[in-house]
Amino acid sequence: MPFHEANLPNGLKVVAELTPQVHSVAAGFFVRTGSRDETPEVAGVSHFLEHMAFKGSQKYTADEVNRLFDEIGADYNASTSEEVTTYYAAVLPEYLPRTFELLATLLYPALRKDDFDMEKKVILEEIGMYKDEPGWVAYEAAMQSHFSGHPLGRIILGTSDSISALKVEQMRAYHSDRYKAGNITLAVAGNTDWQTVLRLAELHCGGWPGGAGERPLSEPRPAGGVSVVTKPNTHLEQVLEMSPAPPSHSPLRFAAAILSVIVGDSSGSRLYW
């Protein structure tokens, strides 16, 4: 498949791999922001903001956003990690223009205080739910220990205290700083053409504010060691092992990723068998 790449004047990066040999097309906005970009005062705001994207914009209500996606049969979702927040959808090619408009509106939600206060309760429930998952508790403990003192050690969901104390004004300021066109990549794959992608990007994203949020890229220096989290009344033990790996700019990262699947994947690895 041919690879296409361009940048809009406001800094939005657009990439695509396109082919008429498939029957669908997928589009996603990848925002270069996550828990590593937060301060302790706003811990969890990236994930909270992802939820708020589906609460409606100045153009669409929350009900309309979800109904319109469903009407065109879109497979759509969003996710937040330590380093990126993603909004994506896959549809039949004839619905790409409608889908593109909806996705673009997600990135600039209304951030109404009433919606914020209501969704805060949902986030707090989600934090409580994950605390009941031993595997997740072990993962968070491993990340905090391995990346101790480094931004990658921050919890994606935040804590009950940080979310409870978070103000809508803080979220709006974070969104204004991180959701700039130069901090976002649009990726499209499937059955469409490059000129259509560029036209839709310019139409729906050309007016986004330019610039890009800063992100320090200091190398973590794990100290190693063993951490044990005791959780009574559980019947299984959860064991995680972490070690340094090739950095993102190293070509060896691909070999490392494959090795991790061979050694520790959940369905067919050496560890599994």
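Predicted model: local features only at pLDDT ≥ 70, side-chain atom pairs only at ≥ 80, totals over all residues.
**Entry 1**

I opened with Asp 37, which at 17% relative accessibility counts as buried (buried is under 20% relative accessible area, exposed over 50%, partly exposed in between, with a 1.4 Å probe and protein chains only). Residues are numbered from 1 along each chain as its sequence is written, and side-chain values use heavy atoms, with hydrogens and water left out.

Which residue forms a salt bridge with Asp 37? I found Arg 215, with the closest N and O atoms 2.6 Å apart (a salt bridge is a side-chain nitrogen of Lys or Arg within 4 Å of a carboxyl oxygen of Asp or Glu). Arg 215 sits in the loop between H8 and H9 and Asp 37 in the loop between E3 and H1, so the pair ties together parts 178 residues apart in sequence (helices, H or I of at least four residues, and strands, E of at least two, are DSSP runs numbered from the N terminus). Arg 215 is buried too, at a relative accessible area of 13%. Shared partners join Asp 37, Arg 178 and Arg 215 into one salt-bridge network.

**Entry 2: other salt bridges**

My search of the whole structure gave ten salt bridges. One of them joins Arg 36 and Glu 83 at 2.8 Å, N to O. Arg 36 is in the loop between E3 and helix H1 (45-52), and Glu 83 is in the loop between strand E4 (75-80) and strand E5 (85-91), so this pair ties together parts 47 residues apart in sequence. Arg 36 counts as buried at 8% relative accessibility, while Glu 83 is partly exposed at 37%.

I also looked up Glu 5 and Lys 13, whose closest N and O atoms are 3.3 Å apart. Glu 5 is partly exposed at 46%, and Lys 13 is partly exposed at 32%.

**Entry 3: aromatic rings**

How many aromatic pairs does the structure hold? I noted nine (rings of Phe, Tyr and Trp, its six-membered ring, pair if their centres lie within 6.5 Å; planes under 30 degrees apart count as stacked, over 60 as edge-to-face and the rest as tilted). Phe 29 and Trp 208 have ring centres 5.4 Å apart and planes at 55°, so the pair is tilted. Phe 29 is in strand E3 (residues 25-31) and Trp 208 in the loop between helix H8 (194-205) and H9, 179 residues apart. Both are buried.
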